[in-house]
Amino acid sequence: MLLLQREDIERVFSMKDAIEADKEAFSLASARKAVMPLRTTLSATDGTFLFMPSYAEELKYGALKTVNVFPGNAEKDIPVTQGLITLMDGETGSFAAVLDGTYVTALRTGASAGAAFDLFARKDASVGALIGTGGQAQAQLEAMICSRNLKEVRVFSRREEKRIAFAKRMNDLYGSDSLCIIPVPSADEAVTGADVIAAATTSTTPVIKGDCVKAGAVVCGVGSYTPHMVELDVTLLKKAASIYVDSKEAVWAEAGDFLIPEKTGEFSRSDITGEVGDVINGIVKGREHEDDIIVFKSVGIGVQDLVTAARIYEKAKAAQVGTQW
């Protein structure tokens with residue numbers, strides 16, 4: 001069995017690789033070629049334990065991801081999200097690899113937004129907005145700048161010192177004469193005028209207001225994953241020309257962004273245009289007009305972890321990277 005830490009994965013697997021892996025995963029999911037039961041959730045006093053199994057005969061692998069999400073860890077300088085992924089051979093049942101699930105989760109979650117930006121964002125997109133500077137934020141930013149040639153990305157989080165430090169660190173990593181990452185004092189300021197927008201928070205109140213979203217923008221909500229969490233307001237959902245999701249079954253079980261307004265009669269299941277995998281598979285149309293506002297909501301599905309872990313494992317094995325156990 002191969003043990004793959006973050007440093008090993010970074011050596012062999014890029015964000016572009018992750019975006020392609022997510023596209024493959026969404027395609028498999030929408031074609032019903034993957035078995036992925038809804039995640040099992042156990043609530044703890046201060047957080048949540050999540051278990052996500054998946055299997056795809058076509059890939060010849062199965063996987064189980066265990067993720068623990070404890071929001072209070074942000075105050076303790078401990079990652080809010082921690083996890084492991086176990087990859088198994090689908091033909092023998094042998095354990096093939098154990099991967100750093102914290103990093104793979106951030107990578108594939110960023111890549112889900114990256115896939116949406118790649119599929120739906122206007123070609124002339126130049127301004128990005130990122131809400132949230134936690135463990136998912138760097139991957140979201142990298143996916144944004146991988147998908148379009150951005151000149152500016154505005155970053156907001158509630159704690160001023162965190163967003164300033166994050167922007168400085170990201171400028172050191174990704175900034176250039178043609179790209180600047182800027183901390184701003186409000187989510188509204190970040191979103192106003194932005195072409196591509198990502199929210200990666202565990203907020204229970206909307207952080208992206210439809211009134212601030214410009215015509216032609218793409219908005220990705222990837223942080224909220226429970227029925228009481230919400231990042232997108234109802235105005236945005238009403239303004240959107242198209243709303244895509246990673247999995248209809250998953251979002252209607254877990255996405256507070258939809259479940260909460262559904263209870264008040266402000267949103268219905270018929271308002272969802274389709275799954276992003278159906279767009280990839282040519283069953284559902286993507287962007288139709290340049291001024292269309294497009295929303296992508298993802299709660300994360302197990303096949304993303306499966307495909308990403310499998311592709312990482314194959315690259316690592318070929319490059320002889322990782323630790324044999």
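This is a predicted model: local features need pLDDT of at least 70, side-chain atom pairs count only at pLDDT 80 or more; totals for chains, interfaces and linings use all residues.
A: Let us start with one term: two strands count as paired when DSSP finds at least two bridges between them.

Q: Thank you! Which order do the strands of the open sheet have?

A: The general idea is that strands of a sheet pair through backbone hydrogen bonds, either parallel or antiparallel. Here, eight strands form an open sheet with parallel pairing, in the order β9-β8-β7-β10-β11-β14-β12-β13. At its edges stand β9 (180-183) and β13 (274-275); each has a single partner strand, so one side of each is left without a neighbour in the sheet.

Q: How many bridges join β11 to β14, and how many pair β10 with β11?

A: Strand β14 (residues 294-297) runs parallel to β11 and is joined to it by four bridges. Strand β10 (residues 196-199) also pairs with β11 in the parallel sense, over four bridges. You can follow the pairing residue by residue: Val 196 stands opposite Val 218 in β11, and Ala 198 has Cys 220 of β11 as its bridge partner. Toward β14, Gly 221 stands opposite Lys 297.

Q: What covers the two faces of a strand, and which residues of β11 are on one side and on the other?

A: In a regular strand the side chains alternate between the two faces of the sheet. In β11 (residues 218-221), Val 218 and Cys 220 are on one side, while Val 219 and Gly 221 are on the other; all four are buried, and both faces are covered.

Q: Which residues of helix α9 are buried?

A: A residue counts as buried when its relative accessible area is under 20%. In α9 (residues 256-263), the buried residues are Gly 256, Asp 257, Phe 258, Leu 259 and Pro 261.

Q: Is Thr 109 buried or exposed, and what is it in contact with?

A: Thr 109 sits in helix α3 (residues 101-120). Its relative accessibility is 7%, so Thr 109 counts as buried. Apart from neighbours within four places in sequence, Thr 109 is in contact with Gln 136, Gln 140 and Val 222.

Q: How should I read Tyr 55: what is its relative accessibility, and which residues is it in contact with?

A: Between buried and exposed there is a middle class, called partly exposed. Tyr 55, in strand β3 (residues 48-56), belongs there because its relative accessibility is 32%. Beyond its neighbours within four places in sequence, Tyr 55 is in contact with Ala 34, Val 35, Tyr 61, Gly 62, Gly 90 and Leu 306. For a sense of distance, Tyr 55 and Val 191 lie 136 residues apart in sequence and 38 Å apart in space, C-alpha to C-alpha.

Q: Where is a positive phi found in a residue other than glycine?

A: Most residues other than glycine have a negative phi. Arg 32 has a positive phi, near 60 degrees. Arg 32 lies in the loop between α2 (15-30) and β2 (40-43), and at 60% relative accessibility it counts as exposed. Asp 77 is not a glycine either, and its phi is positive at about 60 degrees. This residue is in the loop between β4 (61-69) and β5 (81-89); with 74% relative accessibility, Asp 77 counts as exposed.

Q: What share of the residues is buried, and what share of the contacts joins residues at least 24 apart?

A: Of the 325 residues, 54% are buried. Among contacts between residues at least 6 apart in sequence, 70% join residues at least 24 apart. The protein exposes about 14100 Å², with carbon and sulfur atoms supplying 50% of it.

Q: And how are the charges placed: what separates the mean positions of the positive and negative ones?

A: There are 35 positive and 44 negative charges, and their mean positions are 1 Å apart.

Terms used:
Residues are numbered from 1 along each chain as its sequence is written. Side-chain values use heavy atoms; hydrogens and water are left out. Buried means under 20% relative accessible area, exposed over 50%, partly exposed in between (1.4 Å probe, protein chains only). Contact means heavy atoms within 4.5 Å. Accessible areas come from the Shrake-Rupley method with a 1.4 Å probe; for residues, only the protein chains shown count as cover. Lys and Arg count as positive and Asp and Glu as negative; His and the chain ends are not counted. The place of a charge is taken as NZ of Lys, CZ of Arg, CG of Asp or CD of Glu.
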